[in-house]
Amino acid sequence: MVQSSVLGFPRMGVNRDLKKATEAYWGGKLSQAELLAEGKRLRLEHWKLQKDAGIDIIPSNDFSFYDHVLDHIQLFSCIPDKYTKYNLDPIDEFFAMGRGLQKPQTDKDSAVDVPSLEMVKWFDSNYHYVKPTVQDGQKFKLKSDPKPVVEFLEAKEAGIITRPVLVGPVTFLALGKADRGQKVDPISLVEELLPVYEELLTKLKEAGAETVQIDEPSLVLDLPPRVKKAFKPVYEKLTGLGDKIPKLVLATYFGDIVHNIDVLPALSDVYGIHIDIVRNPEQLETVIGALGPKQLLSVGVVDGRNIWKTNFRTAVEKAEKAVQALGKDRVIIASSSSLLHTPHTLESEKKLEDEVKDWFSFAVQKTHELTTIAKAVTDGRFSVRDQLEANSKSIHARWISARTNDPKVKDRQSKITPVMFERKSPFPIRIAAQQKLLNLPLFPTTTIGSFPQTKEIRIQRNRFTKGEITAEEYEKFIEKEIQDVVKIQEELGLDVYVHGEPERNDMVQYFGERLTGYVFTTHAWVQSYGSRCVRPPIIVGDISRPAPMTVKESKYAASISNKPMKGMLTGPITCLRWSYPRDDIHQSVQAEQLALALRDEVVDLEAAGVYVIQVDEPALREGLPLRKGLERENYLSWAVKSFRLSVSGVQDSTQIHSHFCYSEFQDFFSAIAALDADVLSIENSKSDAKLLKVFVDEAYPRHIGPGVYDIHSPRIPSEEEIKDRIQEMLEYLSPEQLWVDPDCGLKTRQWKETKTSLINMVNAAKFYREKYAKAN
Ligand code: MET
Ligand SMILES: [Zn+2]
């Protein structure tokens with residue numbers, strides 16, 4: 001019999017219950033016991049739901065109160081002293097590592113002030129994990145009552161035998177880093193870490209676990225030889241323990257393992273291997289060929305990263321191929337990765353039109369898809385004939401739907417010509433024309449777009465959405481907000497203003513709502529980090545812009561300002577990456593459609609008298625394919641082209657800005673340069689200014705505003721501190737090139753700290769302005 005399996009289930013619950021519970025606990029409104037009980041309730045509910053769907057292999061230890069890598073950090077006692085020194089309760093220590101902890105002194109306890117561990121994106125997804133941070137001479141120790149064992153027993157007690165999920169030792173270390181000032185290479189600690197895995201696996205076996213899913217997704221990356229070499233000793237040692245530990249199914253996802261296939265012989269005693277054949281179907285044959293004579297293959301055929309209904313015909317075909325080669329008992333039908341990246345259930349969507357709703361499948365629906373596919377492969381397609389027929393009807397309906405295809409969009413795409421990717425003149429000519437028009441001082445100051453999204457703004461937006469106030473009333477309210485921020489910027493003495501983005505609920509959704517081809521959900525939240533969830537819009541069809549999207553607000557703002565007003569747009573790649581993209585046409589085609597829509601917007605803004613326009617691309621980097629090579633080059637080529645297409649319709653005198661919330665450009669600098677933006681604003685306050693060296697090495701000629709202070713924290717930077725920061729930047733950038741701005745938008749901040757921080761920023765800029773004016 002071919003078994004069905006889920007690699008991991010979303011943790012939040014139908015109504016983001018976990019988010020609500022953890023935030024209530026942090027806010028002191030829920031006791032620890034209540035929080036733990038809520039976690040338990042959610043785990044049970046999710047196990048039962050998978051069991052009821054008929055899933056054979058149900059995961060446990062996929063749940064986490066914050067992040068599963070952080071769970072492992074605590075499980076292995078890999079906790080830096082700065083946390084342990086406070087002797088916090090384990091759950092509070094856990095959250096302190098995840099989100100930092102600041103607590104004033106009380107009668108009972110001393111004050112706590114500790115920042116969080118570093119958090120970064122999980123492979124190429126928008127989920128963030130906490131980075132294991134190790135010390136020279138790091139030791140590991142298994143925590144008492146290990147979470148994987150506790151949760152396995154919890155499920156067992158409820159009559160459900162699960163397959164616990166662990167992050168494998170190689171991936172755990174490969175994703176880690178040495179703490180500040182430490183020299184250790186994390187992977188060199190593998191010998192130290194292995195006994196902890198042995199102990200944990202032994203305990204799981206004693207508890208009754210027959211198999212364990214051990215995640216080693218690092219196998220899809222380009223691995224440095226020292227990491228790659230680590231697989232052999234680790235897995236020989238573990239499998240050498242024989243029956244003392246559960247059988248291991250080693251899971252890879254988000255890419256193929258063909259380039260690391262020489263590792264497979266070292267894994268030949270591992271019970272089974274999981275591969276993602278949604279992303280990389282072509283690896284199937286190679287991996288089958290490299291399996292040991294008895295090894296199982298878990299084939300990921302249901303997408304864990306997107307929301308489209310699985311095409312049963314192609315999924316069954318792929319699975320049958322595996323069965324033909326290996327036999328029914330050696331194949332498992334699985335989700336491609338954990339379902340963590342998909343929303344909980346489609347059932348919650350009451351407002352979606354039936355036509356499109358029929359095209360989607362969220363986590364709960366995917367569990368049913370898995371059992372159907374497994375049955376089709378086990379008992380033959382006729383055994384699930386009705387499901388297969390309904391599925392192919394739905395797939396076909398989407399394919400031919402008028403919502404999917406817009407001939408006008410395709411026609412416009414076919415008429416794109418090479419000149420549309422080029423500004424009229426090269427940068428030196430443009431900047432001269434811009435200078436003439438804008439008349440900016442040295443060290444111009446600006447902000448990144450949004451100003452504090454106050455409670456009042458959210459209230460009014462809600463009232464408007466609910467129909468409690470009219471469009472006119474709402475518009476008046478927004479105008480008033482714009483007036484206020486223009487006035488504040490005048491008082492602060494900034495040089496290029498923004499309108500503050502009060503009308504935007506979200507930087508992607510706002511645009512999606514004004515474009516054709518998008519649909520929106522009401523409950524389809526997915527975890528981004530900790531308790532934070534996002535609700536990505538879904539691209540279902542060809543995209544076009546029926547009418548201007550931002551011109552009214554920007555034009556109004558420009559009309560009441562005595563300084564240049566910067567128009568603010570979200571770039572094509574970010575609109576694409578922070579949505580669920582279509583899977584029926586290439587992403588480059590969708591990016592191009594978005595670019596054309598934005599191009600019209602840019603031209604309209606210019607015509608409305610907005611001569612500085614910023615097109616934000618914070619998601620450009622996360623879209624970078626995981627491995628170097630052709631795929632990455634291709635991505636960068638179409639990503640750069642779509643950006644250029646969106647901004648190149650303007651006159652030389654219109655200044656194009658772009659913004660990125662990261663500073664690591666080393667591995668794709670040429671793409672950043674190729675954007676040909678007149679001004680780049682980048683996140684830099686937390687990084688070493690040395691990173692800016694790449695701009696010197698590559699003789700970058702255009703303007704740059706590296707963020708001078710961190711906007712993620714309410715902390716106010718002093719004028720001195722900002723001056724020091726600018727001084728450091730001047731070691732790498734010329735005074736003519738340098739802009740002064742914060743790291744990112746200010747929407748999550750309060751007005752109080754925002755104003756003071758900006759006063760300090762403007763003063764620091766003025767200091768250098770005067771200094772260099774005198775020098776000339
Ligand atoms: C995540 S980048 C955000 C840029 C946007 N213009 C803002 O200021 O909020
Ligand atoms: Zn940003």
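Reply: Strands here are DSSP runs (E, at least two residues) and helices are runs of H or I, at least four residues, numbered from the N terminus. This is a predicted model, where local features need pLDDT of at least 70, side-chain atom pairs count only at pLDDT 80 or more, and totals for chains, interfaces and linings use all residues. Residues are numbered from 1 along each chain as its sequence is written, with chains lettered from A and ligands numbered from 1 in the order written.

Me: What makes S13 and S14 a pair?

Reply: S13 (residues 296-302) and S14 (residues 331-335) are joined by 5 bridges and run parallel. The rule asks for at least two, so they count as paired. Val299 stands opposite Ile333 in S14.

Me: Why are S1 and S2 called edge strands?

Reply: The open sheet runs S1-S14-S13-S12-S11-S10-S8-S2, with parallel pairing. S1 (3-5) and S2 (58-60) each have a single partner strand, so one side of each lacks a neighbour in the sheet.

Me: How do you know which residues surround ligand 1?

Reply: A residue is near if its C-beta atom, placed from the backbone, lies within 6 Å. Those around ligand 1 include Asp616, His659, Cys661 and Lys747.

Me: What makes S21 and S22 partners?

Reply: S21 (residues 612-616) and S22 (residues 655-660) share 5 bridges in the parallel sense, and Ile613 stands opposite Ile656 in S22. They belong to an open sheet ordered S15-S20-S21-S22-S23-S24.
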